[in-house]
Amino acid sequence: MNWKARPWIVANLLTLALLWAAPAVAQENAATVKLMEQSKQFEEEIVRVSGNVYIAVGYSVSNVTMIVGDDGVVIIDTGVSLEDADRIVTEFRKLSDKPIKGIVFTHSHGDHTGGAAAFFGDERPQIWAHKNFGSEAQPLVAGGVTFQSVRGARQGGFKLPPEQRINNGVAPVRYPKRGGHAFASRAETKPTHLLEDERQTIKIAGIELELVSSPGETNDQLFVWYPAGKALFAGDNFYRSFPNLYAIRGTPNRSVRLWAESLGKLAANDADVLVGGHTKPILGADKVKQVLEDYRDAVQYIHDKTVEGMNQGMTPDELVGYVQLPEDLASKDYLQPFYGHPEWGVRSVFSGYFGWYDGNPSNLFRLSPQAEAERVAQLAGGPDKLFAVAKAALADDDNQWAAQLADHLLAIDGDSADAKSLKADALTKLAGKMVNATARNYYLTVARELREAVAVN
């Protein structure tokens, strides 16, 4: 057979080899079972939380709200895509046929704004947003930074097959057509009205809403208070997971201190309903108060304890051991690290105040990864001995150490198929025991990339 004339056969065989070589991701352990249970938080459902307030949960990666007014409706956030939004419109139209008079964006991330056009009728509705709308993406665009698209796709699991994805921690699995750009907003989402001050009361279709500036996950975040329905719409400053104080796809610094302050402002309202940007709403005044105060206390603790350690001269690597959430907070179901992680918050607080330098003079001018790896290999008795140690660590389920040793091997020889395969196996095993969906997706995606590189070679 002429193999050159049958490139599709070669490609299929490489794919089969790749899948055969990839170790199965463990599903039957506490972490993955816990993450799979989290999927109940975004099963498709239209939730009526007040007389005229309806939440579309699970139809898109973010929640979409409809408030029915006198002669129209207001929509809060619009989902990630037109396809998702069209389905939501269909469900909402079963409940009200009044025209859409207004849209409020809690922030500019594309998973909350991408479906906006599906809600436009004969006339474009008012679109309200914070004056800083889009501020997260602007520095990256201005600086010509593009690799966040790759990292965003890894974090989201967009390059993984469906069988390797459980969920995204606070959202169901989706495959955005824009890939890693899913966190950027579209041109048609341009607001027509802006929240310029700390807070502002607006009235649309007889619905009175208070928009309140609330920097946190983004600097263009606002929350919506609907006093008639005693309902709070928190955007992404709250969802049922430990908050994403730092996104591993790479973002400008998120002020953890301001995030805690914004949660305090949310808690100050006498609310019966709390609608997060993702996951099911919280219902009942006592529960809403408890959840918001716990959430605020957790974020504030990460900030304050990190600063305490910084003032003692601790480095980020030391701080992640020093800063541990108190058990009464860490045990709460809505503070589990499905999406964000306390360790990432600690590192973000440090870098936000002090930048990259950890204070240890040995790190002012570090050896290059290759130079350090060569010295580590020499200590081990050579690269072959180092590989043997890494392989033994993998066999002992010491997977983090195996991955780090594989990094040394790849720093010495970036084309080493054995080192790539070993690192891929270590990352896959790490993913199998990971409750954090974004870390899990990132591990599995990089493992897949490494195996693809080996298969091509």
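This is a predicted model: local features need pLDDT of at least 70, side-chain atom pairs count only at pLDDT 80 or more; totals for chains, interfaces and linings use all residues.

Reader: How much space lies in the second largest cavity?

Author: About 60 Å³.

Reader: Which residues line the second largest cavity?

Author: Asn-63, Thr-65, Ile-76, Asp-77, Thr-106, Phe-233, Ala-234, Gly-235, Val-275, Gly-276 and Gly-277. By class, that lining has four nonpolar, six polar and one charged residues.

Reader: Which strands supply at least two residues of that lining?

Author: S11 and strand S12 (273-276). S11 gives the largest share, three residues.

Reader: Which residues lie nearest its centre?

Author: Ile-248, Trp-344, Arg-347, Gln-400 and Tyr-443, out of 26 lining residues.

Reader: And the makeup of the lining by class?

Author: The largest pocket is lined by 13 nonpolar, seven polar and six charged residues.

Reader: Which helices supply at least two residues of it?

Author: H11, helix H14 (399-412), helix H15 (417-432) and H16 each do. The largest share, six residues, comes from H11.

Reader: Tell me about H11, then. How many residues, and what reach?

Author: H11 has 13 residues. From first C-alpha to last, H11 reaches 18 Å, close to the 18 Å expected at 1.5 Å a residue. Just after H11, Gly-355 takes a positive phi of about 75°.

Reader: Which residues in H11 are buried?

Author: Pro-342, Trp-344, Gly-345, Val-346, Ser-348, Val-349 and Phe-350. Trp-344 is also one of the residues nearest the centre of the largest pocket.

Reader: What do the buried residues of H11 pack against?

Author: H7, H8, H9 and helix H16 (437-456).

Reader: Now the largest nonpolar core. How many residues, and which have the most contacts inside it?

Author: It has 39 residues, and Leu-232, Leu-274, Leu-292 and Ile-302 have the most contacts inside it. Strand S10 (222-226), strand S11 (231-235), helix H7 (256-267), helix H8 (285-310), helix H9 (316-322) and helix H11 (342-354) each supply at least two of its residues. H8 provides the largest share, eight residues.

Reader: What does Leu-292 touch?

Author: Leaving out residues up to four places away in sequence, Leu-292 touches Leu-232, Leu-263, Leu-266, Ala-267 and Leu-274. Apart from this core lies another, of 24 residues, including Ile-202, Ala-205, Leu-209 and Val-224.

Terms used. Residues are numbered from 1 along each chain as its sequence is written. Side-chain values use heavy atoms; hydrogens and water are left out. A nonpolar core is a set of buried Ala, Val, Leu, Ile, Met, Phe, Trp, Tyr and Cys residues joined through side-chain atoms within 4.5 Å. Buried means under 20% relative accessible area, exposed over 50%, partly exposed in between (1.4 Å probe, protein chains only). Helices (H or I, at least four residues) and strands (E, at least two) are DSSP runs, numbered from the N terminus. Contact means heavy atoms within 4.5 Å. On a 1 Å grid over the protein atoms alone, a cavity is a set of points where a 1.4 Å probe fits but cannot get out, and a pocket is an open set with protein on both sides within 12 Å along at least five of seven lines; lining residues have an atom within 4 Å of a point. Grid points are joined across faces, edges and corners, and a volume is the space filled by probe spheres set on the points. Ala, Val, Leu, Ile, Met, Phe, Trp, Tyr, Cys and Pro count as nonpolar, Asp, Glu, Lys and Arg as charged, and the others, Gly among them, as polar. The expected span of a helix is 1.5 Å times one less than its number of residues.
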